[in-house]
Amino acid sequence: METMKAAVITEVGTVQVQDIPIPELGPREVLVKIGAASICSWEQRTFVGKQKPGLPFFGGHENAGEVVAVAEGVRTVKPGDRVTLGPTQCGTCRACLRGEDKGCPEHFQYFSLKGGDLGPGGFSEYKVHREDGCFPVGDAPYELACLAEPLSCAVHAVRLMGMKEGDSAVVFGAGPMGLLNALVLNAAGVDVLLVDMDEERLELARANGISNTLCSSGDAVEDILQRYPGGVDGVVTAIGSRAVNEQGLKILQPRGTLCLFASAHPVEPLEVDPNWVHNAEVRIIGAVSADISDHARATEMIRNGEIDLSPIMEKTYPLDQAQEAFEYLSAKPSYRVALIP
Ligand SMILES: [Zn+2]
Ligand SMILES: [Zn+2]
């Protein structure tokens with residue numbers, strides 16, 4: 001049996017590069033030689049022990065690479081195609097028929113290793129994926145193309161919020177996901193203000209097209225209302241904190257939308273005045289991961305150069321140095337780091 005190298009979190013604080021079998025291809029499946037795999041906060045939290053899926057954990061769900069083999073009957077991709085890897089769908093269930101395929105039982109099917117191992121398995125030299133989860137990314141460099149998955153989450157959030165040209169929005173948090181949301185809002189013609197307590201991060205955002213920033217470590221409500229009297233049409237909280245969510249509620253225009261984008265660890269309840277929701281006709285929504293259409297759109301944005309993701313990709317490491325990559329990510333607030341097999 002042929003083997004490949006894969007980075008596996010074996011215990012908290014330890015990533016080992018192991019030789020594991022390259023899975024056989026089943027119907028409609030393709031073998032993708034991974035060009036880059038970025039590390040998400042989910043995997044980083046697993047590494048430091050804040051999130052506890054079972055161990056060993058085979059991380060890696062933000063992937064781009066080259067199709068090198070296809071099973072019989074595969075029609076939509078061929079060897080040599082450069083693709084991003086996204087969700088799959090059955091195409092016939094209620095969720096799929098409504099375009100809400102995140103709810104399809106097959107949506108995350110290829111984000112777990114074949115054979116029942118734990119985790120998506122993209123921190124490896126090869127990954128088996130189904131053809132409907134492969135999205136052509138043209139000539140885009142793999143270390144940016146692998147960001148299609150996190151980008152798709154921002155595309156998803158902005159779409160669910162219904163944000164449109166001429167709207168105003170505040171994004172709390174200038175980490176990778178906050179910055180991605182700000183970039184997507186910006187690209188959609190929304191007047192966006194990015195709020196964070198870290199001036200260095202805001203400087204990076206300003207250098208990359210987000211001209212409106214606000215550095216604030218405490219309550220930013222007054223400053224924001226001074227800039228946007230009456231509030232804004234949309235708020236994205238890309239920090240999972242009660243204080244930030246509460247500020248988000250206070251800066252909404254009537255009919256505005258607050259999007260809870262970040263998960264909270266630990267969970268803290270949020271108090272909302274139901275009469276205010278009733279009278280102001282505001283919406284409070286959540287957003288996490290993406291539908292297939294969002295992944296397709298994100299890949300298209302990268303392929304067409306509609307969005308510059310280079311500020312998000314901070315550093316790359318060879319797959320062999322996965323341990324160093326995880327340690328680097330865990331040592332200080334970072335953007336994305338990718339493993340290159
Ligand atoms: Zn991710
Ligand atoms: Zn389905």
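A salt bridge is a side-chain nitrogen of Lys or Arg within 4 Å of a carboxyl oxygen of Asp or Glu. The exercises below use that rule on a predicted model, in which local features need pLDDT of at least 70, side-chain atom pairs count only at pLDDT 80 or more, and totals for chains, interfaces and linings use all residues. Residues are numbered from 1 along each chain as its sequence is written, chains are lettered from A and ligands numbered from 1 in the order in which they are written, and side-chain values use heavy atoms, with hydrogens and water left out.

**Exercise 1. Find which parts of the chain the salt bridge of Arg28 and Glu131 links.**

Step 1. Check the pair. The side chains of Arg28 and Glu131 form a salt bridge, 3.3 Å from N to O.

Step 2. Helices (H or I, at least four residues) and strands (E, at least two) are DSSP runs, numbered from the N terminus. Arg28 sits in the loop between strand E2 (14–21) and strand E3 (29–38). Glu131 sits in the loop between strand E6 (126–130) and strand E7 (134–136). The two are 103 residues apart, so the pair links distant parts of the chain.

Step 3. Classify both residues. Buried means under 20% relative accessible area, exposed over 50%, partly exposed in between (1.4 Å probe, protein chains only). Arg28 has 36%, so Arg28 is partly exposed. Glu131 has 5%, so Glu131 is buried.

**Exercise 2. State where Arg242 and Glu246 lie, and classify each.**

Step 1. Their side chains meet in a salt bridge at 3.0 Å, N to O.

Step 2. Both lie in helix H8 (residues 242–250). They are four residues apart, about one turn of the helix.

Step 3. Arg242 has a relative accessible area of 29%, so Arg242 is partly exposed. Glu246 has 27% and is partly exposed too.

**Exercise 3. Name the donors of the zinc ion (ligand 1) and judge their arrangement.**

Step 1. Donors are N, O and S atoms within 2.8 Å of the metal (3.2 Å for Na, K and Ca); water is not among the atoms, so sites may look incomplete.

Step 2. The protein donors are Cys40 (SG), His61 (NE2), Glu62 (OE) and Glu149 (OE). They lie 2.2 to 2.6 Å from the zinc ion.

Step 3. Read their spacing in sequence: C-x20-H-E-x86-E.

Step 4. Test the angles. Four donors count as tetrahedral if all angles lie between 85 and 135 degrees; four count as square planar and six as octahedral if opposite donors are over 155 degrees apart and all others between 65 and 115; anything else is irregular. Here the angles run from 83 to 166°, so the arrangement is irregular.

Step 5. His61 is buried at 8%. Glu62 is buried at 0%.

**Exercise 4. Describe the protein as a whole.**

Step 1. The protein has 11 helices and 15 strands.

Step 2. The C-alpha trace spans about 65 × 45 × 35 Å along its principal axes.

Step 3. Of the 341 residues, 52% count as buried.
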